[in-house]
Amino acid sequence: MNKTALSLGFGSCPRCQKVNKMHNERQQCSRCHYWFHARKPNSIQKTMAWTITALVLFVPANLYPMMVLNTLGKTESSTILQGISAFVQVGHYPIAIIIFIASFIIPLGKIIGLFILIYNVKHKTNINLKRQSHLFHIVEKIGPWSMLDVFVVVVMASVVNLGFLSNIEVAIGASYFALMVIATLMAANSFDPRLLWDNKPLTKEQVYEQ
């Protein structure tokens with residue numbers, strides 16, 4: 001016998017993790033009194049919408065300048081790539097690597113990971129369910145680190161603006177980048193990982209029962 005809790009009429013409270021007998025699609029937890037659904041409503045549709053939004057925002061976030069530097073009347077603007085290149089040229093490799101990972105690897109990895117999870121829910125694949133669950137937890141945990149890039153720009157602007165001869169202004173690219181990170185966070189929050197286990201292949205006994 002290998003059935004899911006949902007098929008047996010049970011649901012786990014997302015707040016206290018207590019397993020409740022589900023009498024309705026939405027009901028109150030018997031222990032913490034939190035209202036919850038057996039599965040998040042329209043989870044895949046919302047996750048897909050937020051993930052596509054993040055992918056669209058990823059383009060202007062990298063094409064438009066992240067910051068504008070004003071020095072002695074000379075104005076220079078730089079995108080994420082130009083900023084990384086500048087750090088490499090002056091030998092600040094650790095900072096360049098951190099910004100590259102925070103600006104490209106993490107956001108792109110998170111977007112690709114979300115698309116993979118959505119695909120696995122829509123189509124039964126041969127990918128191990130535990131690996132899919134690990135992928136979701138990775139996507140969920142690394143999301144906030146994408147804001148590191150925006151944090152670096154804001155800190156640099158705050159520090160440099162203390163001088164009288166130069167200042168740094170946050171440019172439109174930072175706004176797109178922040179919106180992209182928020183979209184990925186919303187996508188991860190909309191995704192219901194329990195849907196992955198609903199796609200678990202049937203055992204031979206279950207197939208015969210059908």
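Let me begin with the lining of the largest pocket, where the largest share, four residues, comes from α4; helices here are DSSP runs of H or I with at least four residues, strands are runs of E with at least two, and both are numbered from the N terminus. Please keep in mind that this is a predicted model, in which local features need pLDDT of at least 70, side-chain atom pairs count only at pLDDT 80 or more, and totals for chains, interfaces and linings use all residues. Residues are numbered from 1 along each chain as its sequence is written, and side-chain values use heavy atoms, with hydrogens and water left out.

By class, that lining has seven nonpolar residues (Ala, Val, Leu, Ile, Met, Phe, Trp, Tyr, Cys and Pro), together with four charged ones (Asp, Glu, Lys and Arg) and five polar ones, meaning the others, Gly among them.

Let me turn now to helix α3. How far apart are the end C-alpha atoms of α3? They are 42 Å apart, which agrees with the 44 Å that the 30 residues of α3, 93-122, should span at 1.5 Å a residue, the expected span being 1.5 Å times one less than the number of residues. Helix α3 also bends by about 35 degrees at isoleucine 101, where the bend is the angle between axes fitted to the seven residues ending there and the seven starting there.

Finally, serine 78 lies in strand β6, residues 74-78, and counts as buried because its relative accessibility is 15%, buried being under 20% relative accessible area, exposed over 50% and partly exposed in between, with a 1.4 Å probe and protein chains only. Serine 78 and proline 65 are 13 residues apart in sequence, yet 4.8 Å apart in space, C-alpha to C-alpha.
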